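Me: Please take a close look at a single helix in this model and at what surrounds it. I would then like the account to move on to a few loop residues elsewhere in the chain.

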Amino acid sequence: MRKFVFVLIFLGIGENAFSQLIVSDRVVDNQELVGLLKADIRKQIASGNEISESDLAEYFRQKFSERFFYDYQSFAQRLPHYNAVFNKQEDHAKRALDHMGKYADSTLWKLPFNYLNGEPVNAYALRHLARQHKMVDIALHYFNTDKDPKYIQYFENQMGSLNAALETGEYEKIEDGNGVYEAFRSGYRILNWLWIHNMFLNEPEYSDQDQLTTIATLLQHGQHLYEDNDRFVPGNHQTRGMSALAMLAILLRDFRGTDLWMDRSMLRLKEHIDKEVNDDGFQFERTVHYHMSDINNYYYVYQLAKLNDIPIDQAWEEKLRGLFTTLVKVAYPDRTAPVLQDDTEIPWAEKNDISGAMTLGYLLFEDPEFGYFATDKVDDRVYWFLSNDQIKMLENIQRKQPTYGSLSFDDTGYFIMREGWDEEDKMMIVSAGLDEDKPDHQHGDMLGIQAIANGHVILPNYQVRYSLEDYGFFKNSMVKNVALVDDQLQGKNYTSNRGGSGFGKFKGLPNPEVIAWETNDHFDFFAGRHDGFKNIGVTYTRQVIFVNDEFWIVKDDFNSENQHNYKQVWQGHYTVENGPGLLRSFAPDASGHDILQLMDVDTVMSDGTRGKQWRVIVKENQKDFSFLTVIYPYKGYSNRLDENSIGRINDWKVGLSEWELEGDAANSLSSDSSTYVFDATAIKGQKFTIQAEGVLDVFIKRTENQLFIYSLDSESQSITLIPKGKGKKERKTLEPGSRWVVDY
């Protein structure tokens, strides 16, 4: 048995005598590991005055048994349960063999080089190689088959090839854009290698020497992350790296210098959670995908710290809990979530599955509101980072339906109009935010909307994938529910990243301004504007009204000194019913929705790609124009709008009310004593005339002795109330969303 012979020299010398520290430019030999240990740990391990490879490997096996998310000695019992729950054996095999069929175990780490079949490896593939996520599939495939040692050897050799590339400098550098040791890729790789290391610890093929080589490699990775992250850098890449560094600092705290790793990683993570989780609880990149990714980043550290009795700041814990609460607030009634910005898991999908994240939230906080969205399993990757006790908790999840109604994320710029939480209830989300520091993952959907009704997404957005050639197209406005002018799109000057992996961003995006948000017993109201068309001299605002849990009214208002073609884009598969003023879409269960134009429009165009379609409504050659649009969901063919004579929408009369309207473009929807009025210069009733200096958008509610006037405008309006007969005129300035109550 090999001994670390130099241990005989060092064991009697004080800590200050050791000049050797963990280094980042090479992986130390196993024989050097003892010199990196803290003095008290060396004394604890030493048998007499000697420490053998066997002694050191056995020590760290014991520490992993105590410190890791679960005891590796229970792996043999966990694997059959995992396979029964997730049934991913074939998937692991496919991914494992795909990776091994593409890359030699001693692969290269610097472009250009080729796959084993001779085709060139691109930047996107190199970045995924650097993450080593399919190496986990290889490890699981090893256990699911006949435990062929070649799979463990492949892991060891591929790790060794990276270590060799590090020493020769033949690896992709961070400044080149595809850095193998960049924080996100390195952090992801550390997570996967820790996972694999813990699985292999009982395997004879994974020798003491192999185990220590992995530990030495992880030490080099940790030191590089420590040195390269001495300042805050916004974005999830550094968060992923610092999460991994904290994990290493906890698991390998026996080595000198790891206390500094812990301090730096927790400082950086605190900076990220403070600066990148908005006060409203949404992750600053405004995507569900990155929101859930950050949950995982913080979870690994939070869970590991709790298991190792390491205190976590209470504010940090509260923000982590708040990330799960945000997913509740943004969720669709069917327990999925909208697709927001760069959601990338399933290209072209129209929903996000949040059940895995919410199951994790339930396990952490045992909140039955989180349990409402949970299933009996977490994401399959996260399963291996749960304790055995947490897995047992999945057998009895407590569930409570949320009670959140319509609400806003004021910092992030999402506004949610919600009917309720029954699966067929309606919900719409308006996007009106732009992160000022890092809008890299933002799409061209400013003031865009998405909606669900009767269990179907009726106004969809679509998930994307960086590696697809049309990623940039799906990131921009033609595949959003937005308003446009001429051939202008919202996203300007799209540029791919320097590494060539497919990811890209817009150098120019509209700046939003939220004008009003009001929710009450009668309606929800949003008004906003953006400057996306100022380059062609057009000002633009959008107002969205959710009427009594029945339907939505969308008003798009354009103004210019010159003539333009104004457009609305609606996602979905539609037929045109009796002209361009009515679009119709039906789901297989005969629920559907109509999109009705209350103002005359000129044409409707159809387009699509990737199995998705959209319609573009156009009003041509106008200086000023307002689309006034009703989005009406219904269930059952007989409940559609009457395409031959549209005079009613449920109990609401179109263009007829107890009020007489003045104004060239004046229009109304009325039901009993409630009336929505648009573009009126005057509104005349039996007892009052409501006079405006400009044109009015208002909701009027009349009771026996009171008149309620709510502004639905995008500007302040000076309104004069003129009583019939005797009485004084009253004047009041109404801000958008405000109301005036008049007694009579």
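Predicted model: local features only at pLDDT ≥ 70, side-chain atom pairs only at ≥ 80, totals over all residues.

Reply: The buried residues begin with Ser-355, Gly-356, Ala-357 and Met-358, continue through Thr-359, Leu-360, Gly-361 and Tyr-362, and end with Leu-363, Leu-364 and Phe-365.

The surroundings of the helix are themselves helical. The buried residues of H16 pack against H14 (288–307) and H15 (314–330), and also against H17 (368–371), H18 (380–383) and H19 (388–393). Just after H16, Glu-366 adopts a positive phi of about 50 degrees.

Arg-335 is not a glycine, yet its phi is positive, at about 80 degrees. Its relative accessible area is 34%, so Arg-335 counts as partly exposed.

A further positive phi occurs at Asp-672, where the angle is about 55 degrees although the residue is not a glycine. Asp-672 sits in the loop that links strand S23 (667–671) to strand S24 (674–684). With a relative accessible area of 74%, over the 50% cut-off, Asp-672 is therefore exposed.

Another loop, between strand S4 (449–453) and strand S5 (456–459), holds Asn-454. Asn-454 has a relative accessible area of 14%, which is under the 20% limit, and so it is buried. A polar atom of the Asn-454 side chain lies 3.1 Å from the backbone oxygen of Tyr-634. Tyr-634 is also among the contacts of Asn-454 when neighbours within four places in sequence are left aside; the others are Glu-424, Asp-425, Asp-589, Ser-591, Pro-633 and Lys-635.

Finally, there is a backbone feature of another kind to record. Leu-111 and Pro-112 are joined by a cis peptide bond, with omega about 0 degrees. Pro-112 belongs to the loop between helix H6 (89–102) and helix H7 (123–131).

Notes: Residues numbered from 1 in each chain as written. Heavy atoms only, no water. Helix = DSSP H or I, 4+ residues; strand = E, 2+ residues; numbered from the N terminus. Buried < 20%, exposed > 50% of the residue type's maximum accessible area, 1.4 Å probe, protein only. Polar contact = N/O pair within 3.5 Å; in protein donor to acceptor, adjacent residues only side chain to side chain. Contact = heavy atoms within 4.5 Å.
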